[in-house]
Amino acid sequence: MQVTFKIWRQEGPNDKGTIRDYLVDGLSEDMSFLEALDHLNELLVLKNEKVIAYEYDCREGICGQCGVFINGRAHGPHDNITTCQLHMRSFNDGDTIVVEPWRTASFPVIKDLIVDRSAFDRIIEQGAYITAKTGTAPEANAILIPKEVSDNAMDAAACIGCGACVATCKNSSAALFTAAKINHLNRLPQGKAEEHKRVKEMTYQMEIEGFGSCTFTGACEVECPEGISITNIAELNARLTKANFLG
Amino acid sequence: MKLDSKIPEGKLEEKWRNYQIKSQLINPANKKKLNVIVVGSGLSGAGAAATLAELGYDVQCFCYQDSARRAHSVAAQGGINAAKNYQHDGDSVWRMFYDTLKGGDFRSREANTYRLAELSAPLIDHYVQQGVPFAREYGGVLVNRSFGGVQVQRTFYARGQTGQQLLLAAYSQLYKMIHAKKVTMFPRSEMLDLVVINGKAKGIIVRDLVTGELKRYAADAVVLATGGYSRVFRLSTLAIGCNGSAIWKAHKKGAYFAAPSFTQIHPTALPQSSEAQSKLTLMSESLRNDGRIWVPKKQEDTRKANDIPEEERDYYLERRYPSFGNLAPRDIASRAAKERIDAGHGVGRLKNAVYLDFKDAIAKFGLETIKDRYGNLFTMYKKITGIDAYKEPMQISPAAHFSMGGLWVDYELMTTIPGLYAVGECNFSDHGANRLGANSLLQASIDGYFVLPNTINNYLASALKEEHPTTDHPEFEKAEKEVKTSIDAILKINGTKTVDHFHRELGKVMWQECAMSRNKKGLEKAIEDIQILRDDFWNDVRVTGSGDELNTELEKALRLADFIELAILMCTDALERDESCGAHFREEFQTEDGEAVRKDEDYSYVSAWEYDNGNFKLHKEELEFEFVKPSVRSYK
């Protein structure tokens, strides 16, 4: 099959950037979207041009490193998948496919389609852990955790940190990402000791990183590859209110 | 040099304790004067970096990804083993040790393997404490399932995302120590050389992947935690960025490379569907708990799976290995699949797959139970193939997966270069010639959290007396210059072929000659072919862009250059070992019904290769079995 890619090219953080067109032939429906870009890059090398910079690693939807806007949607036309899980069979021969990086001030563009998501790491740094040193653990079955509690924690813990929730949000809010991590730990007995501190410090960091506020449009949960529900954000708000009174 | 494995004295169950009693200690005031570099941020790297920092060392941690959370430990699906005996099914440390040693076909050290089993139970305690949401019963206790090669249930899991949950725990603990300013994290940084001063590892040369700048970092000890090298086959279950460059550079600086040809082919990945494919997605081995593997009895059968009646299906694993059935170990299951596919029974569009069928399990346990156990794996299968595996069988195929081989390490996880350690998949330690499922997350974690933090002090105690290395030392100068020279050389070639072209060619040779089944003639030819490929690469590759910018093509080229050299060593090792053991199956050494023939009298050793200007010199670490008598490994 043949498609026209319209791809955002930007040399560096200070470059203005522009969309460039690439007509690509010889693609097959079995190719993943990223394999189609790999193919395009090989063609660019043979034409003596610089390759397009984009991110990926595991290519099985779990590392969270890939992620671009495809035809105006985070991770492409389907709900709840990653860019690497998108295949060319989702497009038609002759289609035009517009590819852009995540666009939000908190994820500045590094080059072409690659953005800097280190703001997420800095939110994690503020308390997404249990403060306990290696070697101090009690017997695992001494902490009984009912299946529903563990399953609920797992639902939130599944976040892959790709940033699609922020990228698709009109406010560039990181509420879903932050809520998922806080709820994972605060739902578990192990996370109780630091629950209020964790909520306050992680949400504070989220604000100083420049992420917007959540207005509960629900756009994030549509794109989240793990299908993490926005009820997590409601739960976060309740936790924050409680923490402000009690913590 | 005589290889000293430094196995401690005493009974098997007392060795680790005896080691700890005698090991040197460093007081807290002195620990903060010592700095340790950790390369890699997966389970072993993040675990080591966080724990060393908790102990008081000054730690620098490097990874090539944009965040430590991306490391490929994240992709392990099925679980982690531990001898907790929670299921009351007769499990014990001894049984787990024996299963692992036998699973590895008696090609690993007894003492290492025993330690792995011994430390498995406290590791589960650790991860629960760190908030890993493992699967649980309604009453709140932990759940287990089975994995290949064992007859008890000792695998702990978090849905089909166990690796992700363990890695996120390790990453969180690492960020806790970054917050405490005890670890400095360097993401988007790739190690391109090791710096050795007076015979000791004292630092690394790193390329900043955003600016292209080469940087020097000095340390009192260097820990490599850089994972496996199965991307040498190009098509593998590994992340695209996984590479062997750090261990290869260390090898060229004097670290021996052990058992390089021991690489595991995983039986249950999604089959290749096109030439352009970049990656083979793994479907967890846990699926074999309930899924039954079969092919049509008729060759070239074109009927749909659901149209083939029961009596015309060949459940070949159940037929050949009745006592383990679908849970036969990986090497055996992969070879059995290859045998059926080669005999014309393969299924799927390219006839390169076998069926993994849940029909009977759904009938027996109900759809909801199967969804609860494997829901996300079925969803993933559907996302990639478009097929609903609740209604028709999955198609699966063998794929390059884990590297049992790696840098040779002693009981302390130190390589043959003093001060250089290798932890996790990048070393050769516990798995012998074949790794059992759910032992990989285990070994990476044990190395990083429990072993290294208890052994590194034995070396660092002496480093206290030495002068702290500085980056203006001539060895740093020299190493940086060598790196710059090779980058410039690659950029200058401006040939006619892409990096991916050469990687596809290398992958084809390696998959054909050095994967599931090997023979003398094929390996000799492969070595010649790869040497030609190497020359062709250095004459005709084209990399556009420069070295002073973010250049993903250059990153790929540098990794591939090292893979090509490593591939030659892998074939050399496979050629040297005139026996079949574990994942290493030499066609010349098999029984009439196609089972491996191991030759303990000649090959009961770990091969450890020394680099010598493009040639490889073999050293042997003889394996001594003091507590267990190696037996013929049978799963029949």
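**Salt bridges and a helix crossing**

Reply: Over all chains, the count comes to 80 salt bridges, a salt bridge being a side-chain nitrogen of Lys or Arg within 4 Å of a carboxyl oxygen of Asp or Glu. This is a predicted model, in which local features need pLDDT of at least 70 and side-chain atom pairs count only at pLDDT 80 or more, while totals for chains, interfaces and linings use all residues. Residues are numbered from 1 along each chain as its sequence is written, chains are lettered from A and ligands numbered from 1 in the order in which they are written, and side-chain values use heavy atoms, with hydrogens and water left out.

Me: With which residue does Asp290(B) form a salt bridge?

Reply: Side chains of opposite charge can pair when their charged atoms come close. Here Asp290(B) pairs with Arg373(B), with the closest N and O atoms 3.0 Å apart. The two are 83 residues apart: Asp290(B) is in the loop between strand 11 (263-269) and strand 12 (292-296) of chain B, and Arg373(B) is in helix 12 (residues 367-385) of chain B. Helices (H or I, at least four residues) and strands (E, at least two) are DSSP runs, numbered from the N terminus.

Me: Is Asp290(B) buried or exposed?

Reply: Buried means under 20% relative accessible area, exposed over 50%, and partly exposed in between (1.4 Å probe, protein chains only). Asp290(B), at 12%, counts as buried, whereas Arg373(B), at 29%, is partly exposed.

Me: Which parts of chain B does the pair of Glu318(B) and Arg292(B) tie together?

Reply: The closest N and O atoms of this salt bridge are 2.8 Å apart. Glu318(B) lies in helix 9 (residues 316-320) of chain B and Arg292(B) in strand 12 of chain B, so the pair joins parts 26 residues apart in sequence. Glu318(B) is partly exposed, at 26%.

Me: How do helix 1 and helix 13 of chain B cross?

Reply: Axes are lines fitted to C-alpha atoms, for helices over the stretch in contact, and angles run from 0 to 180 degrees between N-to-C directions. The axes of helix 1 (residues 15-22) and helix 13 (residues 440-463) of chain B come within 10 Å and cross at roughly 40°. Contact means heavy atoms within 4.5 Å; Trp16(B), Tyr19(B) and Gln20(B) of helix 1 meet Phe450(B), Val451(B), Asn454(B), Thr455(B) and Asn458(B) of helix 13.
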